[in-house]
Amino acid sequence: MAKKEWFLKVIIWELSIKGLLLLLLSAGLFSLIDKDLDHLSKQLARSLNLDVDRYYINLALEKIGMVKTTLLVQISIGMFLYGMLSCIEAYGLHKRKRWAEYLTAIATGLFIPLEVYEVVFRLSPIRIAVLILNVVIVYYLIKHKELFPKKSIAR
């Protein structure tokens with residue numbers, strides 16, 4: 001069974017890291033609420049030694065300055081919820097809970113149609129790799145049910 005568990009550990013690590021990164025990004029975005037994004041973005045561009053007079057950099061800075069507080073809140077909440085879901089999935093898989101197996105398979109499987117769309121209309125090696133990885137994760141979780149023992153009902 002040890003040979004079959006190595007990929008499960010990879011899935012747990014991937015979900016844990018993704019969840020923690022999303023939670024940190026959510027907190028970072030939330031901290032930008034009611035801040036002058038135009039000023040902050042120009043300050044960041046200057047500290048990175050970007051030429052703020054170039055057309056595309058200036059355009060990006062203008063767009064960042066137009067972001068509304070409600071959009072920041074919505075994105076932050078969405079990232080927080082998705083980060084929490086990833087952490088919950090990782091914890092459940094680590095504890096070998098059957099509900100986590102189903103939750104992870106469903107949550108991962110729901111993104112596969114979107115990823116197929118992305119591969120078809122915006123082909124890139126990263127998009128192909130993400131699609132393949134998610135298909136393999138769903139297949140692995142469905143195929144290896146023995147990693148998630150059923151609890152016996154005590155009588």
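Let's start at one residue, Thr108, which lies in helix α5; helices here are DSSP runs of H or I with at least four residues, numbered from the N terminus. This is a predicted model, in which local features need pLDDT of at least 70, side-chain atom pairs count only at pLDDT 80 or more, and totals for chains, interfaces and linings use all residues. Residues are numbered from 1 along each chain as its sequence is written, and side-chain values use heavy atoms, leaving out hydrogens and water.

Is Thr108 buried or exposed? Thr108 has a relative accessible area of 11%, so it is buried. The word buried means under 20% relative accessible area, exposed means over 50%, and partly exposed is in between, using a 1.4 Å probe and protein chains only. Leaving aside residues up to four places away in sequence, Thr108 touches Asn134, Ile137 and Val138, where a contact means heavy atoms within 4.5 Å.

Now follow the helix itself. The 24 residues of α5 (residues 98-121) should span 34 Å at 1.5 Å a residue, and the end C-alpha atoms are 36 Å apart, which agrees. The expected span is 1.5 Å times one less than the number of residues. At Pro113, α5 bends by about 30°; this bend is the angle between axes fitted to the seven residues ending there and the seven starting there. Leu114 is also found in α5, and it counts as partly exposed because its relative accessibility is 48%.

Next comes the core. Nonpolar side chains tend to be buried together in soluble globular proteins. A nonpolar core is a set of buried Ala, Val, Leu, Ile, Met, Phe, Trp, Tyr and Cys residues joined through side-chain atoms within 4.5 Å. The largest one has 14 residues, and those with the most contacts inside it include Leu8, Ile11 and Tyr140. Helices α1 (2-31), α4 (69-94), α5 and α6 (125-143) each supply at least two residues of this core, and the largest share, five residues, comes from α1. Ile11 touches Leu93, Ile137, Tyr140 and Leu141, not counting residues up to four places away in sequence.

Finally, look at the rings. The structure holds five aromatic pairs. The rings of Tyr55 and Tyr56 have centres 5.0 Å apart and planes at 75°, so this pair is edge-to-face. Rings of Phe, Tyr and Trp (its six-membered ring) pair if their centres lie within 6.5 Å, with planes under 30 degrees apart counted as stacked, over 60 as edge-to-face and the rest as tilted. Both Tyr55 and Tyr56 are exposed. Elsewhere, Trp6, Phe7 and Tyr140 form one aromatic cluster.
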